[in-house]
Amino acid sequence: MKVYLDDERATPAGWVAARWPEDAIALLQTGQVTDISLDHDLGDDLHGTGYDVLCWIEEAVATRGFVPPRISIHSANASARRKMELAVERIERFLRQRR
């Protein structure tokens, strides 16, 4: 399954929509997600952001052997995008260390 986390953009054909971080995380926990594309700003930062999903993935990879899906970032927020890219780099580093 391909998961698309966004609050405004239309979900691409063939992708499953997620509105909030906990929705995306619940789908990740099924073990069926092959791809995930994340927006950062979801309309209510107190409720969470796409970065929160990356933090969950990072922790799961580092401590539980979670195998992450392919990760894409489609956020237009330049500074948040960079923070998210750094999280993806950390996830990839944990994966390399496991090998």
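The protein chain has 3 helices and 4 strands, where helices (H or I, at least four residues) and strands (E, at least two) are DSSP runs numbered from the N terminus. Starting at the N terminus, these elements follow the order β-β-α-β-α-β-α. The model is predicted: local features need pLDDT of at least 70, side-chain atom pairs count only at pLDDT 80 or more, and totals for chains, interfaces and linings use all residues. Residues are numbered from 1 along each chain as its sequence is written, and side-chain values use heavy atoms, with hydrogens and water left out.

The overall dimensions come next. Along the principal axes, the C-alpha atoms of the protein chain fill a box of roughly 40 × 30 × 20 Å. The radius of gyration of the protein chain is 13 Å, which agrees with the value near 13 Å for a compact globule of 99 residues; this radius is taken over C-alpha atoms, and the globule rule is 2.2 Å times the number of residues to the power 0.38.

Of the 99 residues in the protein chain, 42% are buried. Buried means under 20% relative accessible area, exposed over 50%, and partly exposed in between (1.4 Å probe, protein chains only). Among contacts (heavy atoms within 4.5 Å) with a separation of 6 or more, 61% are between residues 24 or more positions apart.

The protein chain carries 13 positive and 16 negative side chains, and the centres of the two sets lie 9 Å apart. Here Lys and Arg count as positive and Asp and Glu as negative, while His and the chain ends are not counted. The place of a charge is NZ of Lys, CZ of Arg, CG of Asp or CD of Glu.

Side chains of opposite charge can pair when their charged atoms come close. A salt bridge is a side-chain nitrogen of Lys or Arg within 4 Å of a carboxyl oxygen of Asp or Glu, and the count comes to 8 salt bridges. One of them joins Arg 70 and Asp 35, with the closest N and O atoms 2.8 Å apart. This pair links distant parts of the chain, 35 residues apart: Arg 70 lies in strand 4 (residues 70–73) and Asp 35 in strand 3 (residues 35–38). Arg 70 is exposed, at 56% relative accessible area, whereas Asp 35 is buried, at 11%.

Another salt bridge is formed by Arg 64 and Glu 59, at 2.6 Å from N to O. Glu 59 is partly exposed, with a relative accessible area of 35%.

Glu 89 and Arg 82 also form a salt bridge, their closest N and O atoms being 3.7 Å apart. Salt bridges that share partners join Arg 81, Arg 82, Glu 85 and Glu 89 into one network.
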